[in-house]
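Work through these exercises with the sequence and the 3D view side by side. Try each task before reading its solution.

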Amino acid sequence: MHADDAPLIGTSLAPINARDKVSGGALYAADLKLPRMLHAKVLRSTYAHARIRHIDASRALKAPGVKAVLTGADTPKPWGIMRKDEHVLAVDKVRFVGEEVAVVVASDEHAALDALELIRVDYEELPAVFDMREALAPGAPEIHAGTGNLAREIAFERGDVERGFAEAKAVHEAVYETPYQYHAAMEPMASVAAVDASGRLTLWAPVHSVHRTLLRLAEVLDLPTSQIRVVQTMVGGSFGGKLGEDANLYIAARAALACRAPVRLVNTRIEDFLGARPCMPSRIELKMAADAEGRLTAKQAEIYGDNGAYSGLTPEVILVTALRLDNLYRMKNIRTRARLVYTNKIPSGGFRGFGGAQIAFAHESHMDALAEKLGMDPVEFRLKNVVTAGERTVHDWKISSCEVAQCLTTADRLIRRREKRAARKANGPLRRGIGIGTSLHVSGARQLADWDGSTVLLKFNPDGRAVVVCGEGDIGQGGTTMLAQIAAATLGLPLEHVSVSVADSESTPYTWGAVASRLTLIAGNAVMAAARSARRKLLALAAQMLEVKEDDLTIKDGVIHVVGVPDLSVSVAKVCMAHQLRPGGEAVFARATYDAPTVVADHKTYLGNVSAACSFAVQAIEVEVDIETGTVRIVDIVAVDDVGKALNPQSVEGQIHGAIAQGAGYALHEQLVLENGRLLNGNLADYVVPNALSFPAPRTVIVDGYEPNGPYGAKGASEAPISATAGAIANAVYDAIGVRITSLPITPEKVLEALRARGGA
């Protein structure tokens, strides 16, 4: 079935849970109330690096309402998603300011908070290290014994790099730096855990993946997976902040097991700043070259990633930083070394774009600089080098669909870059400039295991309405609506006749969940296959009832019609009931699994097609720079994206707008300010995030594309745009004032300092 034959495909629809959200009916984890529920609060380290000599919780245990105090002695098993380098509560040492040291469980939050103040921790302060390169220097304090403060090293070389530089006409070198970025979801992390009479644990939390969380809980708690159930609550935003890297849900679960009662743990905003795993800071030393015709000839990158005190998913984040953007441009000669470094700072982790924004800022700034050295237009320079559909990239990725060239030309035309440049005049202290940024992102990734699939069940109720039983979940990006849309379109049902189950590890098949922009392509294909199977069953049953051939039937609006005979029909509800209420009858249902046609990249060479499709994003951004104050103001944004077929254009545009907002914050405002490891701006008054008045509404264009591996030609849409923004803004600032800022965010102070250094202010 093609999209043209399915009227719901390509139609803008409101999220099916929108009414619950706007009316206050949606239940988030913090809203849950269970009988006998207790409340947990966390004591955090005030030292960046210290040995724990002794914890005295005796006074806290005697405080009114206190039921338990937990310390590292109650969570002795090391754990970690990629490296077993941390504990739920600190054991022996603390390694960053804010690390979880002890937990009080009490009858209410006030009692728990009062008791926290009664706990005494005897620390022996140790030397700390906060700079990545200093951490790797000989003799630096080791944060984890035997590591040399190196959490992961990635190195690869393709082609003949030295020859590529020797043959070049233009070579450009620069150093780029990117900061921590906090997810700033409206909902801080929250968990509720309960234990039944048999000792079985249930966790309610806004996690990305109920099944992956189940496996991690089993590891941390040393319990069989059959003794644990994980239910996804409504998610008030995540952007990678609720991937299960932080300790919140593990603390709630351990406390519930200790007290044999339900326990609720809700982060305050400052606790969320300290506990969530923000975007990995980086230092990128980049050298690139191009020949006289404008073709890239060589790239060399030395990348440092700030892991903070513990690893989480950051070892995979830095792998993305090291190689993903290489697949956007045609390159043969590449040498890359990336090192993930332990420091005594807040651990970094998964963030929307997952390591792509760091390298895209550097790479897109570099592309403009190279174009200038060659005397070429920056858009034409990119067009000479971007990949096209059918190509194999330098890392052996297969580009199955690609409209990035169309994205570039469309964005350039709509921003009217050439016209504005020709007419540009100095206007007092205000200077305007336009920049281009480009990026790509995967639609699923065969990275953590040799499986990147989804299994769904589709069953019909006796009233002819369908339920998609699926463990993928929805983190606020509209995944549930998209899956319902695919099912309804394939089955010929109204959208309101399809519902999608809550992600529940007990009742839904195993899947990865909402990560790596995989839901549309991977879960969407599984839903489509199940719906096609169920449709065939319905048509076969209806053909018997109507005494016609199956090929003569079609389904529209929940009614099965004989083509060309409008009076001969039967409702889907009647078919379902008839199939159920007969000897040997059963409900109409179907099951399907889709596993992407990809491979795990070689662990030594990193070669291999890890994703079934890539999405592409281009942004043309106009800024106005005040050379007296250094302020940068965004004047216009044109965002052009290749997402294959947009199943729900309204939802896709919403994702693009949200990604640009986060990308603009990354470029201009957002950074965690740390002083000797201590966070100085852990609140939304001092940590500035963009709002609706920060910049004009982006003008979005979704180019006409088709992804052969995707359901109805669709692929992922939510992450590629965030990586294009910072480079576009940096290039626009350079276009406006002739100085290039190579460290984010681009603050007024940096602009003025660069102008003074150039002698232009």
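**Exercise 1. Find the buried residues of helix 12, and what they pack against.**

Solution. Helices (H or I, at least four residues) and strands (E, at least two) are DSSP runs, numbered from the N terminus. Buried means under 20% relative accessible area, exposed over 50%, and partly exposed in between (1.4 Å probe, protein chains only). In helix 12, the buried residues are Val404, Cys407, Leu408, Thr410, Ala411, Asp412 and Ile415. Next, look for contacts, meaning heavy atoms within 4.5 Å. The partners of these buried residues include helix 11 (378-385), helix 13 (417-423) and strand 16 (430-442).

This is a predicted model: local features need pLDDT of at least 70, side-chain atom pairs count only at pLDDT 80 or more, and totals for chains, interfaces and linings use all residues. Residues are numbered from 1 along each chain as its sequence is written, and side-chain values use heavy atoms, leaving out hydrogens and water.

**Exercise 2. Check the span of helix 12.**

Solution. The expected span is 1.5 Å times one less than the number of residues. Arg416 follows the helix, with a positive phi near 55°.

**Exercise 3. Which residues form one aromatic cluster with Tyr687?**

Solution. Rings of Phe, Tyr and Trp (its six-membered ring) pair if their centres lie within 6.5 Å; planes under 30 degrees apart count as stacked, over 60 as edge-to-face and the rest as tilted. The count comes to 9 aromatic pairs. Take Tyr182 and Tyr687: 6.0 Å centre to centre, 85° between the planes, hence edge-to-face. Tyr182 lies in the loop between strand 8 (170-178) and strand 9 (190-195), and Tyr687 in the loop between strand 27 (678-679) and strand 28, so the pair ties together parts 505 residues apart in sequence. Now take Phe273 and Tyr687: 5.4 Å and 70°, also edge-to-face. Tyr182, Phe273 and Tyr687 form one cluster.

**Exercise 4. How far apart in sequence are the parts tied together by Arg277 and Glu86?**

Solution. A salt bridge is a side-chain nitrogen of Lys or Arg within 4 Å of a carboxyl oxygen of Asp or Glu. The closest N and O atoms of Arg277 and Glu86 are 3.0 Å apart, and the two form a salt bridge. Arg277 lies in the loop between helix 8 and strand 13 (282-290), and Glu86 in the loop between strand 3 and strand 4, so the pair ties together parts 191 residues apart. Both Arg277 and Glu86 are buried.
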